[in-house]
Structures are given as C-alpha cells and as structure tokens.
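Please keep the coordinates in view while reading.

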Amino acid sequence: MTDFLDDVQRDAVTEIINIAIGQAAGALSQLVDEEVRLSVPLVHFLTPDRAALRLDEETGGGESVAVRQHFQGPFAGDILLIFPERRSLHLVRQMLGDDLPVDQLTELEQEALMEVGNIILNACLGSLANQLGMGVESSLPCYIRGRGRSILDRGPRPEGESEMVMFLHVDFSVRAKDVHGYLAFVMDISSARHFIDAVQAYVTAQLGG
Amino acid sequence: MTVKKTVLLVDDSRVARMMTRRMIETDRPGWEIVEAATGEEALEVYSRVLPDFVILDVNMPGMGGLEAAKRLKEVYPQSVITLLTANIQDPVRDQADSLGVGFLSKPVRGDVLMAFLSMDDE
C-alpha cells in the first residue's frame, strides 16, 4: 500500500527527513563521540497492526525500549526512538562517564534514555519544523518497554481517524559502541497528507516554482 | 585565577543536570552548582542564592524555561541566563534573543558551555 505518494513526493519526503535525521545523528554522534551510520529513510503506509508487526520483524521479535514524543502543529503524530535490545547502558556510560558505579548506571538507565530521546527526537523535529517554516509543539518524552504493539500503541483512535498510518523509519548504528536502533514517525493519513503537502510546497519554493 | 562563581542548573532531567554539572566541575573546579527541576523551583532558588549564571532547559513540566527566563529578567535584569535545550526550532532561538538570554543546543560542547560561563569575565 504505497500509492499515497508519487515518486516525486516520496523523493521529497525522503530528502527532508534525511536532513532532519542528519541533525539527530549529529546530536547522537556528539553524545557517544563516534560516527553514527544511517540507513535511507523508508516510508510505508500500513495499518497499526502491520506497523507493529514490521517493527517486531526488524527488532528480532524481542522486547525493545523506546522513547516516544507526541508532536502537533500543521501535522501531528508520534516520533519514536527505539532500541531493539537493552543497549542503553552503553549510552549512559558514555554520557555520564566510566567512573559511575554499575548500580547507579542501572538506576539512571531509564532517565538517561529519556534524555537521549529528548535530544535526538527534538533535533529531528526541530530540523523538520525549521526546514518547513512551521512551529511544532512536542510533549515531554515518555519511556516504553515492550514489543511493537505496545510501543506503537497510540491509545483509542479518535472517531473518523483513518485506519492507516504513515510509518517512516530510519535505522542507525554506532558500530564502535555496539548501539543500534530506529527512529520512527507515525502519523495518521490526514496528518500525513498535510505533511506531504507541506514538503511539496517547500520543495516547490526551493526550486523557484 | 578565575573567581569562583555560582551556577544554577535547571532541567527536569536528572541525567541532563548530571551531564552539565560534570562539565562544569571538570572545567571550573570549586564553583558552586545549585539545581532546580522546574521553572517554579528555579525562581525560588534564584531569589535565595542569586547565582552568577543560570542554565535553563526549555521543555519542562509546569513552567517552562522561556517563561522562567522572562520572569527572572523582569525582576533581575542583570541576570546572566542561557537556554540549554534540545528544542532547536528557530522561534525558540528568536524568543531567547528577544528576552536577552543565550541559546545553547543540546548536547552542548564543553567549549561552548565554558564560553557562556566566561561571559562576565571581561
């Protein structure tokens, strides 16, 4: 189910997201002091169940930890930072220093992951908002642990909201630190259309059209 | 020899405060660091401690950093304040400018933070 986007729109969305994720990767790279490798962003239009299944497939079916922020503005949705395994201790150690005792590291793991999420997700959202010239408000980050369905669960669907969601995700890895994860956007179709329109308007303006 | 100063760190994330504290303790040993987790608490701590510098997160439960900066500047126009935030949107930078406070994006580099903490040296 990919016919919500034509090739030009898909290319434009991918490019805008590439730049935004690049900002997020820059922030993560600074936190871990290593290069962060990124995949090409993939955009799919899926039912929430299919999106959850897809996430489970990509994370090996095990439990993941995630940080989610809801955002709203001209378009609304959720942005998530997902680690397929418990890799966050590596990040905590990198952020707070090697001299912290392991029990304190473990105690701080959840808070550290939320702060990593806060930095990375806002870098991405902020870059998107700046590129498109729009203000986007985001909620405080929340921490989730579970499989795809609970990570992507957005609560009861408002009446009239489409059953499909735009699931846009990028894989990232920090090879030297054995850290890898995913950054995902989930928007309902109505918001996705506003988002795609905004991207198209931006690209048209950039090209002087 | 740098004169020892006091810094008020305001962030709802304990980890974020720990990271910033660690940078300051490394580069400015002996400086006093006080903390607050909300904008409301920041106003209370500021009035009691009168710190030389204030480092404010923006997105916090309750009163956010922009509102706290605005209120501090109204009462203490000489206060030296910067935002330190993951929210890199241009309107946030613009609001910081109009309030007369600095803007630092997270994660902050040590040299950038120290440049802010050297602002009243000259």
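From the N terminus on, the elements of chain B follow the order β-α-β-α-β-α-β-α-β-α, which comes to five helices and five strands. Helices (H or I, at least four residues) and strands (E, at least two) are DSSP runs, numbered from the N terminus. The model is predicted: local features need pLDDT of at least 70, side-chain atom pairs count only at pLDDT 80 or more, and totals for chains, interfaces and linings use all residues. Residues are numbered from 1 along each chain as its sequence is written, while chains are lettered from A and ligands numbered from 1 in the order in which they are written.

The radius of gyration of chain B is 13 Å, close to the 14 Å given by the globule rule for 122 residues, so chain B is as compact as a globular protein of that length. Here the radius is taken over C-alpha atoms, and the rule is 2.2 Å times the number of residues to the power 0.38. The C-alpha trace of chain B spans about 35 × 30 × 30 Å along its principal axes. Of the 122 residues of chain B, 42% count as buried; a residue is buried if 20 or more other C-beta atoms lie within 10 Å of its own, exposed if 12 or fewer, and partly exposed in between, with C-beta atoms placed from the backbone.

Which residues meet across the two chains? In total, 17 residues of chain B are in contact with 20 residues of chain A, where contact requires C-beta atoms, placed from the backbone, within 7 Å. Helix α1(B) gives the most to the side of chain B that touches chain A, with six residues. By class, this side of chain B has nine nonpolar, four polar and four charged residues. Ala, Val, Leu, Ile, Met, Phe, Trp, Tyr, Cys and Pro count as nonpolar, Asp, Glu, Lys and Arg as charged, and the others, Gly among them, as polar.

Two packed helices are described by the angle between their axes and the distance between the axes. The axes of α4 (residues 102–132) of chain A and α1 (residues 14–27) of chain B come within 8 Å and cross at roughly 80°. That makes α4(A) roughly perpendicular to α1(B), a label for angles of 65 to 115 degrees. On α4(A) the contact is made by L108(A), E111(A), A112(A) and E115(A), and on α1(B) by R14(B), V15(B) and A16(B).

The largest nonpolar core has 66 residues, of which A24(A), I120(A) and C124(A) touch the most other members. Such a core is a set of buried Ala, Val, Leu, Ile, Met, Phe, Trp, Tyr and Cys residues joined through C-beta atoms within 7 Å. Its largest share, 13 residues, comes from α4(A). A second, separate core of 25 residues includes A36(B), Y46(B), L66(B) and A69(B).

Several loop residues complete the picture. The peptide bond from K106(B) to P107(B) is cis, with omega near -5°, and P107(B) lies in the loop between β5 (102–105) and α5 (110–117) of chain B. L50(B), in the loop between α2 (39–49) and β3 (53–56) of chain B, has a positive phi near 45° although it is not glycine. With 11 other C-beta atoms within 10 Å, L50(B) is exposed.

Key:
Axes are lines fitted to C-alpha atoms, for helices over the stretch in contact, and angles run from 0 to 180 degrees between N-to-C directions. Angles under 35 degrees count as roughly parallel, over 145 as roughly antiparallel, 65 to 115 as roughly perpendicular and the rest as oblique. Two residues are in contact if their C-beta atoms, placed from the backbone, lie within 7 Å.
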